[in-house]
Amino acid sequence: MPNYDAAMTQACTDLQRRILVDAAYRSAILTDPRDLHRSLFAEFTPLGYPEYAGTYRGTAGTSLAHRRMGAAQIVSPQKSFSFEKPERVAAALDFLLSEVRRELVPARSAAPFVQLLTLTHLFCWFGKIHPFLDGNGHVQRALFAAAATELAIPLGTRFAIHPRPFDSLLAWPLEMFTRAAPEQRERFLAMVAEYLSSWLAGPFDLPASGIAP
């Protein structure tokens, strides 16, 4: 849509400010991000498809009930990989967010790298689940900002919810995490963590702070 970029830039600027000051709102979006997604994308849904904003893939009785999603591989563009199956999306995301909220409590007094792993766990698994038809990256970054703020870690000046503050340097390990067998995920999680540390300030302004000790 012609006004998409300008409208989204303003909406995400306002969103980031709210995340920084409103603890109740942070808790709400870390519990259920559907209202957040709806608030960002409702005005951009195609005519006749209001469920594209604020509805998970796999939601019964909607056009998203059986909607599978995937993406072209970066290394082999002729091949694709898949995100979570639609029938598993809601349960997988509820479990992820409940785990993250539980982890935030001990992480508040943990070492910075342990805090970074908590944020990276949220970021990677949200991307793997890919609960919405579109706009997952915006919600993913909003949840990252909310969780970082809950841990009292300031966001770096490089971070933004919109426009997207990353490229294939991050997209590649995210894809590999999504495709990896369980025993292979840890090394890709560490790669993502190293990149995400550049979005954080405070203790992460120090050299090598995003690298595992």
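Me: How many positive and negative side chains does the protein chain have?
Reply: The protein chain has 21 positive and 20 negative side chains, counting Lys and Arg as positive and Asp and Glu as negative, without His or the chain ends. The centres of the two sets lie 4 Å apart, with each charge placed at NZ of Lys, CZ of Arg, CG of Asp or CD of Glu.
Me: Okay, and where do these values come from?
Reply: This is a predicted model, where local features need pLDDT of at least 70 and side-chain atom pairs count only at pLDDT 80 or more, while totals for chains, interfaces and linings use all residues. Residues are numbered from 1 along each chain as its sequence is written, and side-chain values use heavy atoms, leaving out hydrogens and water.
Me: New topic: how many helices and strands are there?
Reply: You'll find eight helices and two strands, taken as DSSP runs (helices H or I, at least four residues; strands E, at least two) numbered from the N terminus. Along the sequence the order is α-α-α-β-β-α-α-α-α-α.
Me: What does the C-alpha trace span?
Reply: About 50 × 40 × 30 Å along its principal axes.
Me: What does Leu200 touch?
Reply: Leaving aside residues up to four places away in sequence, Leu200 has contacts (heavy atoms within 4.5 Å) with residues including Leu116, Leu119, Phe144 and Pro154.
Me: And which share of the residues is buried?
Reply: Buried residues (under 20% relative accessible area, 1.4 Å probe, protein chains only) make up 47% of the 213.

Note on methods. Buried means under 20% relative accessible area, exposed over 50%, partly exposed in between (1.4 Å probe, protein chains only).
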